[in-house]
Amino acid sequence: MRGTRRTRLCLAGVMAASTLIATPAARAAERTDGHLTDLVNPFIGTQDEGNTFPGAAVPFGMVQLSPDTGHNTGYDYTQNRIRGFSLVHLSGVGCRIGGDLPVLPTTGDVTQTDYTRYAAGFSHQDETASPGYYRVGLSSGIRAELTATERTGVQRYTFPATAKANVLLNAAQSLHKGVSSSVEILDDHTVRTEITGHGFCRDTGPYTVYTITRFSRPFTAYGTWDGATLTRGSRSGPGGAYVRFDATKHRTVEATTALSYVDARGAAGNLAAEGGRSFDAVRERAREAWERRLGAVRVQGGSRTLRRTFYSSLYRSFLAPNVGSDTDGRYFGWDRRVHHAEGFTYYQNWSLWDTYRTQAQLLALLAPREARDMARSVVAVDEDGGWLPKWGYGPVETNIMSGDPVTPFLTTAYHTGLLKGFEERVYRALKKNADGVPPADYPGIGREANAEYLAHGFAPYDKNRPYAKMGDSDYHHGASVTLEYALADAMLAQMARGLGHDADAARYAARAQNYRHIFDPATGFFRARDAAGAFTGSADPARGTGFHEGTAWQYQWLVPQDVPGMVRLIGGEAAANDRLDSFFAYDRLLADPARTAREVWVHGDAYAYYKADKYNPMNEPDLIAPYTYLATGQPWKTTDVVHAALTLFTDGPTGITGNDDLGTMSAWNVLSSIGLFPIQPGYDTWGLSTPVFDRVDLTLDRRYWPSGRLAIAAPGTSATDRYIQTVRTDGTPHARTYLTTGALRSLRSLAFTVGPRPSEWGTSPGAAQPVLR
């Protein structure tokens, strides 16, 4: 079968590890019943700080019901005790958040209230997961199963024969920092909780989740606790509750828990709307939802391992953002008030510094209706609370990360046609964000260094500046912040021009050139400048200061709005290609792609961001870097680098490079695998590289993509035959290294011919991506 040799070459050194792990989910994925969900392994990324979760969720669901083992983001494959199955998890984030209401079944007398003490042992040999379903056998002899709807999590517990079958609902403990909690037993079937917490990478404002859990059978006993004090027969308390069942005859108990960020009434309404079905019925609906979502992309060719890796990445790309509104349309806004989403679903959880580079574009392509509502939700944050978000969790700003990621996120939505009918509303919010700074009494920092950036053309680096608010500070990352602001200005200029705001467009386009103000001719690299304008920090670009989660080497390529201008600063195409070759260790890469990716590019754990002069495929600043060759006259090298980076995605627990960051890395894998990548995030340019599959068929929403489908063909693609010889769009020769969104809208076929050696394709004048003016 075509692809077997490619897999042997490109996955060298990693297949043995994946085979030895042999997770239950991986074994289950070997079934051949024709379901795409059988190709998904939810355990991928649960080890080595991928920070994914293996539990049950539906696409973009409010609930992610999953086991917590003690890792700060929930589940760690190397651990062997489960503290509870909790309702809320974010896929791939780097800081603790969520884990609200861990629930654990036990047997015998209830004597402990700390989930680190009553945690249950388990073995991976008795654990399995697939999209929308999770099962594990606990050392207590209990089998736990999980599934979900959009706003509810459904649990099924099968106990050994005992009169003391318990379910513990721990309102006081979670992954984040708890502020307050309460639990109330309403009747012999129902428990209600209210949980307020805060946290993430640093302290944030508080948020509250409300839950209501309905059991399938009446309790025989119950109690609550406050700290370590357990009171049997009590109906309410601040810590948690246990309920007991007689499992001597009927050994199975089902429970449905509904969640709301609005109030207890919202949780009850969500339970009424989405509860009431049996566990098996909910599980089947969840599987069908995932089949429909995954079915938008059909691939042919490649090994089964490659397809498992691909569809697992596609699955993770659809886990977030998450539904934030209740079934009645109400949601809790950033102004701490309840609002109603009229005509759209309100979404929340915005890892924008990450997702603006890959996942936003993938969702615009494959889930445009949801992506439109997501864009409307971000604008609602501004209209409700006063400013656009930077990194939002639930109804609060965290201020994590830096720069201005919301601008390219929303301009992506504009250029993919998702904002029709409210373009001017979006533009007003973006203009306010780009030209100002939130007031001191607003929790968000926005473009915190904007005053200096607008006055002098750069954001100053000031490591000693006190944090003005929670989260990160743009002043602590002045060099990379300047690049991020300039990128955002370039994208906003294009939107302004499209809407007829010509004066604004010219102003933002001029600001997009501010990247030049931090270029140091003495070193030939970008470099931080202090408040007085002097270059500061080490002159060594691998050890300089002022770059957020990276070095000057890695941020060198974050000028997608003007690659030719950046290349001229470096010294021209030849100098730029030499630097790119050094950056990617290109000679070593050609000799051994997989080993170079693992041993040269990956130089530490997921958080090893600094002191490096090589490509870091584990982190966001480098995501578009491999595609720079498309603009420097050597497009074949993009395929070489991209295909080597793809070997870092495997089908075992360690199979994600770095934190997945709400689907960012997974979306990179999906887009790079099909040969279509957003090389100017925030604009309408899609770079081309060789797909890894013989054929990819995309089913598209005709309301946004009139063709309704796109077939991407690269027959014979392999580790040896990986170089583009020709490209045809609907049968017409295509010499450019990119496509525009406008072209994609009507395109039905994108055909690559491939061969064993680089060709002249993409090297003619005018073939490279456009400069944004």
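Reader: Which element gives the most to the lining of the largest pocket?

Author: In this predicted model, α6 gives the most to that lining, with seven residues. The elements that supply two or more lining residues are α6 (279–294) and α10 (368–385).

Reader: What volume does the largest pocket have?

Author: The largest pocket has a volume of about 560 Å³. It is lined by 25 residues, and the closest to its centre are Pro59, Ala289, Arg292, Arg293 and Glu370.

Reader: How do the residues of that lining divide into nonpolar, polar and charged?

Author: The lining of the largest pocket has 13 nonpolar residues, two polar ones and 10 charged ones.

Reader: Now cavities. How many of 30 Å³ or more are there in the whole structure?

Author: A search of the whole structure finds 11 of them. The largest cavity holds about 90 Å³ of space.

Reader: Which residues line the largest cavity?

Author: Its lining consists of Ala360, Leu363, Ala364, Ala371, Met374, Ala375, Phe409, Thr412, Ala413 and Leu418. At least two of the lining residues come from each of α9 (359–366), α10 and α11 (406–415). By type, nine are nonpolar, one is polar and none is charged.

Reader: Changing topic: how many residues are in the largest nonpolar core?

Author: That core has 211 residues. Those with the most contacts inside it are Phe85, Phe215, Leu410, Trp601, Trp668, Leu698 and Leu750. Helix α14 (residues 478–498) gives the most to this core, with 11 residues.

Reader: Why would nonpolar side chains be found together?

Author: In soluble globular proteins, nonpolar side chains tend to be buried together.

Reader: And what is Phe215 in contact with, leaving aside neighbours within four places in sequence?

Author: Phe215 is in contact with Val167, Leu169, His189, Val191, Val243, Phe245, Val253, Glu254 and Ala255.

Reader: How many disulfides does the structure hold?

Author: The structure holds one disulfide. It joins Cys95 to Cys201, with an S to S distance of 1.8 Å. The link is right-handed, with 90° about the S-S bond.

Reader: Where in the chain are Cys95 and Cys201?

Author: The pair links distant parts of the chain, 106 residues apart. Cys95 is in the loop between β3 (84–86) and β4 (103–107), and Cys201 is in the loop between β11 (190–198) and β12 (207–215).

Reader: Is Cys95 buried or exposed?

Author: Cys95 counts as buried because its relative accessible area is 15%, and the cut-off is under 20%. Cys201 is partly exposed, at 33%.

Conventions. Residues are numbered from 1 along each chain as its sequence is written. This is a predicted model: local features need pLDDT of at least 70, side-chain atom pairs count only at pLDDT 80 or more; totals for chains, interfaces and linings use all residues. Side-chain values use heavy atoms; hydrogens and water are left out. A disulfide is a pair of cysteine sulfur atoms within 2.5 Å. Helices (H or I, at least four residues) and strands (E, at least two) are DSSP runs, numbered from the N terminus. Buried means under 20% relative accessible area, exposed over 50%, partly exposed in between (1.4 Å probe, protein chains only). On a 1 Å grid over the protein atoms alone, a cavity is a set of points where a 1.4 Å probe fits but cannot get out, and a pocket is an open set with protein on both sides within 12 Å along at least five of seven lines; lining residues have an atom within 4 Å of a point. Grid points are joined across faces, edges and corners, and a volume is the space filled by probe spheres set on the points. Ala, Val, Leu, Ile, Met, Phe, Trp, Tyr, Cys and Pro count as nonpolar, Asp, Glu, Lys and Arg as charged, and the others, Gly among them, as polar. A nonpolar core is a set of buried Ala, Val, Leu, Ile, Met, Phe, Trp, Tyr and Cys residues joined through side-chain atoms within 4.5 Å. Contact means heavy atoms within 4.5 Å.
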